[in-house]
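Me: I would like to learn how to read a structure like this one. Please show it first.

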Amino acid sequence: APTNQEFKMPDMAKLLAGFVTGAVQTTVTFVRAVADVILLRFAMMNMGVVDVQVSVPDILDMVPNLALNLDFITDNVYELLNMVSVLFTEALVDIFEGVPRCEGPVLTFSAMWLVGIT
């Protein structure tokens, strides 16, 4: 005997929430990937491994184009990271004023912060 099953429409609010959640997670993951590339470049530049002539905007220009225009986001992420880098440098200079800045402690402290950030 055939069963009388009624078709139920999906809850549109849950469907929309799922799409918004997916879009937000995708954007956050993309921004984190760009930030990781920029942080690794700064770390490699400080170690002298990377060519200093290649600028971060040039690196961002080499990121493949997406269907969405994310230049606004990537530019703001770059400006934010640049500002954080300057503030972090100023804070370290102020904190360690008068402390010897020999290579060993500086590398250990920098490695700790890179691991903490990522």
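Me: How many helices and strands does the protein chain have?

Reply: Helices (H or I, at least four residues) and strands (E, at least two) are DSSP runs, numbered from the N terminus. The protein chain here has four helices and zero strands, in the order α-α-α-α along the sequence. This is a predicted model, where local features need pLDDT of at least 70, side-chain atom pairs count only at pLDDT 80 or more, and totals for chains, interfaces and linings use all residues. Residues are numbered from 1 along each chain as its sequence is written, and side-chain values use heavy atoms, with hydrogens and water left out.

Me: What span should helix H3 have, and how far apart are its end C-alpha atoms?

Reply: The expected span of a helix is 1.5 Å times one less than its number of residues. Helix H3 (residues 71-95) has 25 residues, so it should span 36 Å; its end C-alpha atoms are 36 Å apart, which agrees.

Me: Which residues of H3 are buried?

Reply: Buried means under 20% relative accessible area, exposed over 50%, partly exposed in between (1.4 Å probe, protein chains only). In H3 the buried residues are Thr74, Val77 and Leu81. An α-helix has 3.6 residues a turn, so residues three or four places apart point the same way. Across the protein chain, buried residues make up 11% of the 118 residues.

Me: Is Glu79 buried, exposed or partly exposed?

Reply: Glu79, found in helix H3, counts as partly exposed because its relative accessibility is 48%.
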